[in-house]
Amino acid sequence: MPELPEVEALAQHLREHAVGRAVTRVDVVSMSVLKTFQPPITELTGREVTGATRWGKFLDLDCDGAHLVFHLARAGWLRWSDALPAAPPKPGRGPIALRVHLGGPGFDLTEAGTQKKLAAWVVHRPAEVERLGRLGPDALGLELDELAAILSGRTERLKNLLTDQSAIAGIGNAYSDEILHAAKLSPFATPAKLDRAAVERLHGALREILQDALRRSLEQDAARLKAEKRSGMRVHARTGLPCPVCGDAVREVSYADRSMQYCPTCQTGGKPLADRRMSRLLK
């Protein structure tokens, strides 16, 4: 799933290549992608792109007061082209869900797989997208005291809090694993019980991991070639491989639709975390 670093890199690409161009046409290839009908998608046609903003893991293309807001979900991406074909894509023939023409160049919103959760809205104000109104403070701009206030009184698992978009916007499954590993904290730790030193480690790790990932995404020109997110990962998606810090085997906790990875030596005092799903399979 694209998270804050990848989405910010895509927003930066749009600022550099789309701003100043006029929308000449929008092709809706998959009707399931469009979540609004008023104003119509044709409201964007003829308008100049005046800005591109990231809200957590959402992208907002400002077309002179009409906004195309979209969320790439788990398997979505934005692919830029310096020369789009004139003929519209055929529905059901490939991963393209929506195409935006900008007078020659433009971009496709694509989605792999069968779940089709990529979503787009056309609105006059970004606040009209209900999910934007529920976002917490952005992870990349979070100050230490702000993070401490968010953690205070929270009793869910720390991993769950980091990925709760209403608490902190922008962090998903992958970078929460990386942040917790860098901070040497258990994914199952209780946020309210963290001492000041642990909060400081968490804040430092959050900044370090996200900024480094953003740098890599910008270097890889993410809008032209999908960034290889896993290339810089230490524990996420590395189950069974050695931890690059201590050499212990990276472990996994599995859920119905996702999994998380961690290092027992670095994060949990050498103790494996309970994996109820795997325990049931082994019975």
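Pro39 sits in the loop between β1 (25-28) and β2 (51-55). Strands and helices here are DSSP runs, numbered from the N terminus: helices are H or I with at least four residues, strands are E with at least two. The peptide bond that leads from Gln38 into Pro39 is cis, with omega near 5°. Most peptide bonds are trans, and most residues other than glycine have a negative phi.

This is a predicted model, in which local features need pLDDT of at least 70 and side-chain atom pairs count only at pLDDT 80 or more, while totals for chains, interfaces and linings use all residues. Residues are numbered from 1 along each chain as its sequence is written, and side-chain values use heavy atoms, with hydrogens and water left out.

**Backbone exceptions**

Two lysines have a positive phi. Lys116 has a phi of about 55°, although it is not a glycine. Lys116 belongs to the loop between β7 and β8. Is Lys116 buried, partly exposed or exposed? Buried means under 20% relative accessible area, exposed means over 50%, and partly exposed lies in between (1.4 Å probe, protein chains only). Lys116 has a relative accessible area of 35%, so it is partly exposed.

Lys184 also has a positive phi, of about 60°, and is not a glycine. Its place is the loop between α5 (173-183) and α6 (196-219). Lys184 has 44% relative accessibility and so counts as partly exposed.

**The nonpolar cores**

A nonpolar core is a set of buried Ala, Val, Leu, Ile, Met, Phe, Trp, Tyr and Cys residues joined through side-chain atoms within 4.5 Å. The largest one has 36 residues. Which residues have the most contacts inside it? They are Leu44, Leu68, Phe70, Leu78 and Phe107. Elements that give two or more residues to this core are α1 (4-17), β3 (58-63), β4 (66-71), β5 (76-81), β6 (96-101), β7 (106-111) and β8 (119-123). The most comes from α1, with five residues.

Take Leu44. Contact means heavy atoms within 4.5 Å. With neighbours within four places in sequence left aside, Leu44 touches Val23, Val26, Cys63, Ala66, Leu68 and Val122. A second, separate core has 29 residues, including Leu142, Leu158, Ile171 and Tyr175.

**A threonine in β7**

Thr110 is part of strand β7. Thr110 has a relative accessible area of 7%, so it is buried. Which residues surround it in contact, apart from neighbours within four places in sequence? Thr110 meets Ala75, Gly76, Trp77, Arg79, Pro95, Ile96, Ala97 and Leu118.

**Salt bridges**

Side chains of opposite charge can pair when their charged atoms come close. The rule used here asks for a side-chain nitrogen of Lys or Arg within 4 Å of a carboxyl oxygen of Asp or Glu. How many salt bridges does the whole structure hold? The search finds 18. Three of them are listed here.

| Pair | N to O distance | Relative accessible area |
|---|---|---|
| Arg25 and Asp27 | 2.8 Å | Arg25 30%, Asp27 10% |
| Arg47 and Glu43 | 3.0 Å | Arg47 21%, Glu43 25% |
| Arg125 and Glu128 | 3.8 Å | Arg125 49%, Glu128 38% |

Elsewhere, salt bridges with shared partners join Glu8, Arg15, Arg54 and Asp138 into one network.

**Cysteines without a bond**

A disulfide is a covalent bond between the sulfur atoms of two cysteines. By the rule used here, the two sulfur atoms must lie within 2.5 Å. The count comes to zero disulfides. Cys243 is in none, and its nearest cysteine sulfur, that of Cys266, is 3.8 Å away. Cys243 counts as buried, at 4% relative accessibility. Cys266 is buried as well, at 11%.
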